[in-house]
Structure formats: C-alpha cells, structure tokens
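Try each task before reading its solution.

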Amino acid sequence: MTSHAHSAHFDYDVAVIGGGPAGLSAGIWLARYLHSVVVVDSGDPRNWDTRGVNGFLGLPRIRPSELRALGREECQRYGVELVDAIVTGARQGSGEEEHFVLDLESGPQVQARRLLLAIGIRDVWPEIPGLVHTFGANAHVCPDCDGYEARGKKVAVIGNGRKAVGMALNLTAWTREIIICTHGAPPALDLPEYCEKLDALNIPVLTEPIQNIACDEGRSIHSLQFRDGMQLDADKIFLAMGQFPADDAGTNLSLQLGCKRDDEGHVLVNEHYHTSVRHVYAAGDIVPGPQLGIAAASDGAALAIHKSLVPAGRKLEPID
C-alpha cells in the first residue's frame with residue numbers, strides 16, 4: 001500500500017462510506033492502484049430483502065447479500081480494511097484540504113486524504129398492512145430493475161402525481177394491465193398531459209385508501225383490499241412514493257460536508273464523480289442517474305480519485 005511520509009497522521013489514502021456495489025467496487029479498484037483504503041459500512045443496505053439483483057452481467061439473479069459477500073471477500077484479498085460501523089460525523093480536519101475525519105458510532109476515528117460517499121438512498125414506503133410480506137419479491141421501486149418480471153402481469157402502481165404517472169408509463173414496456181392507486185392521496189394530475197396519456201393507455205386511477213395487501217406464504221400477492229370493500233387482483237406492486245439519501249435518516253453526512261444536492265437529495269457530481277467539496281467524491285444511487293446495481297459497480301469514481309492522488313511529477317500536463 002501507499003505510504004504517506006508527508007502526512008503520517010492520516011490513516012488512509014481513501015475512506016469509502018458505504019459497502020454496497022459502488023463502495024466495494026471502488027475499494028477494489030483503489031487498492032489495485034496500491035492506495036490504502038477503508039470501507040466503512042453500516043450493514044443496513046437498501047435492498048437486503050430483494051430476491052435478486054437483475055441484469056448484473058454473469059451473475060443472474062444473485063441475491064444482494066451474496067453480491068456484497070463476494071465484494072467484501074475480494075476487497076479483503078487486496079488489503080482493503082472493512083469496518084462495520086455507522087459514521088456519525090464527517091468533516092475536514094486540521095484546516096488541511098487533504099484531511100478528512102470520520103467519527104464512528106463505536107471505535108476510533110478514521111482519517112483519510114480523500115472521501116467517497118457511496119451511502120445510497122432509502123425508499124419511502126407507505127404503511128399498508130401486508131406490504132412487508134411481499135417486499136422484494138413482488139413489491140418493487142425500480143421498473144428498470146424489476147419491470148421484466150412484470151411482463152404481461154397485473155400491476156398496481158402506488159403513488160400519485162408525476163412520479164406515479166411516470167412509473168406507470170415506464171411499465172408499459174412490459175405490461176398494459178396497470179392501475180394507479182393513490183392510497184387516499186389526491187391524484188395530483190396537474191398537467192393535461194398526465195390524464196391524456198393515462199386515458200390513451202387505459203390506465204385508471206383509484207383514490208380509495210388501501211386497507212390491506214393479501215399475500216400467501218410464498219410472498220405472492222392475491223389482491224389489494226380497499227377501505228370501501230373493493231378488492232383488486234394484482235400480481236405486482238410498484239411504489240412511486242419518493243426517496244431520500246440514506247444518511248438523511250440521522251447523520252446527514254453530505255450536508256455536514258457541505259455537498260450540493262438536487263431537489264430530490266441526490267449529491268451533485270461532475271463527470272469525474274467529484275462533488276462540490278474538493279476531494280469529496282460520490283457514487284452509486286446517491287448521485288443522479290440510473291439506480292442499477294451494475295451501474296453503481298461501474299461508476300468511475302475510483303479512477304478519478306486515483307488520478308487526484310498521483311503527484312504532478314508523475315503526470316503529463318494536459319494538451320490544450
């Protein structure tokens with residue numbers, strides 16, 4: 001691993017917060033560049049109950065826990081240090097631009113010259129009895145990831161407004177049996193375009209609150225049961241309820257560091273995955289873009305971080 005004679009009090013070249021596909025992949029690549037790396041992971045991933053990660057080349061339907069286990073093993077083979085802990089604080093230390101300090105809920109502080117946020121996001125889930133029983137099997141949040149498994153099936157989109165309309169339209173790639181259920185919320189179909197496109201595709205909107213989701217022991221959905229007594233047959237549920245950064249549940253790490261975010265809470269980055277804060281990078285679902293496991297694993301933050309750590313004497317000046 002790289003030594004830091006010029007800054008001996010720093011424990012690592014790079015500290016990665018988050019041990020999902022983006023964080024583990026970055027850890028592997030940075031270690032292959034011979035940088036000292038620590039990956040700090042809370043052990044509470046977004047998709048732990050999902051039956052399989054779809055579209056991951058060469059690993060069809062691999063479970064998230066299996067993918068994480070393989071990634072952790074590979075990290076360890078390259079000498080990446082894995083720390084299972086919750087990061088409670090992140091800040092620039094001692095007035096130096098290349099010095100970041102992480103406070104952990106338990107254990108010593110972590111210090112590093114570069115910081116990668118791979119903390120992911122959380123999904124907003126409505127409180128509907130029975131939903132938890134089918135989560136990850138037949139209730140999903142990403143049509144890109146799970147739409148193929150809904151082909152030709154009856155789908156209920158739970159949500160309202162632009163998010164629900166967009167979700168329903170995306171799902172028409174695989175099925176035309178789609179109903180939007182607002183679960184008691186106003187439809188919020190503010191633009192004429194929303195109603196026009198839903199009507200043209202014969203996608204109705206139901207506003208009655210959902211009282212229960214009836215499932216069998218195998219997590220298959222039988223029906224959605226509404227407060228007025230109506231029952232709706234459905235095979236799949238897709239939630240269009242919104243998302244928030246995983247750290248917003250308590251620590252707000254990206255805000256502690258001063259990173260700029262968009263209206264949905266995603267950390268804004270440039271083409272090199274660099275945030276608005278110098279030497280702080282972000283990758284995976286926490287940045288705007290597709291929320292695919294294989295996309296998170298292929299984010300180029302590691303290469304950008306490596307290049308930022310290479311001294312000027314070992315690089316050619318760019319040609320204008």
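Predicted model: local features only at pLDDT ≥ 70, side-chain atom pairs only at ≥ 80, totals over all residues.

**Exercise 1. Describe the chain as a whole: its elements, its box and its burial.**

Solution. Start with secondary structure: the chain holds 9 helices and 17 strands. Next, take the principal axes, along which the C-alpha atoms fill a box of roughly 70 × 45 × 35 Å. For burial, 48% of the 320 residues are buried. Finally, the exposed surface comes to about 15800 Å², with 51% of it supplied by carbon and sulfur atoms.

**Exercise 2. Find what share of the contacts with a separation of 6 or more joins residues 24 or more positions apart.**

Solution. Keep the contacts in the chain with a separation of 6 or more, then pick out those between residues 24 or more positions apart: they account for 59%.

**Exercise 3. Work out how helix H1 and helix H2 are arranged.**

Solution. Two packed helices are described by the angle between their axes and the distance between the axes. Here H1 covers residues 21-32 and H2 covers residues 64-77; their angle is about 20° and their axes lie 9 Å apart. Angles under 35 degrees count as roughly parallel, so H1 is roughly parallel to H2. As for handedness, H1 passes H2 in a left-handed crossing.

**Exercise 4. List the residues where H1 and H2 meet, and sort them by class.**

Solution. From H1, take Pro21, Leu24, Gly27 and Ile28; they meet Leu67, Arg68, Gly71, Arg72, Glu74 and Cys75 of H2. Sorting this contact by class gives 5 nonpolar, 2 polar and 3 charged residues.

How values were computed. Residues numbered from 1 in each chain as written. Heavy atoms only, no water. Axes fitted to C-alpha atoms, helices over the stretch in contact; angles between N-to-C directions. Helix = DSSP H or I, 4+ residues; strand = E, 2+ residues; numbered from the N terminus. Parallel < 35°, antiparallel > 145°, perpendicular 65-115°, else oblique. Left-handed = near helix turned anticlockwise from the far one by under 90°. Contact = heavy atoms within 4.5 Å. Nonpolar A, V, L, I, M, F, W, Y, C, P; charged D, E, K, R; others polar. Buried < 20%, exposed > 50% of the residue type's maximum accessible area, 1.4 Å probe, protein only. Areas by Shrake-Rupley, 256 points an atom, 1.4 Å probe, with all protein chains shown as cover.
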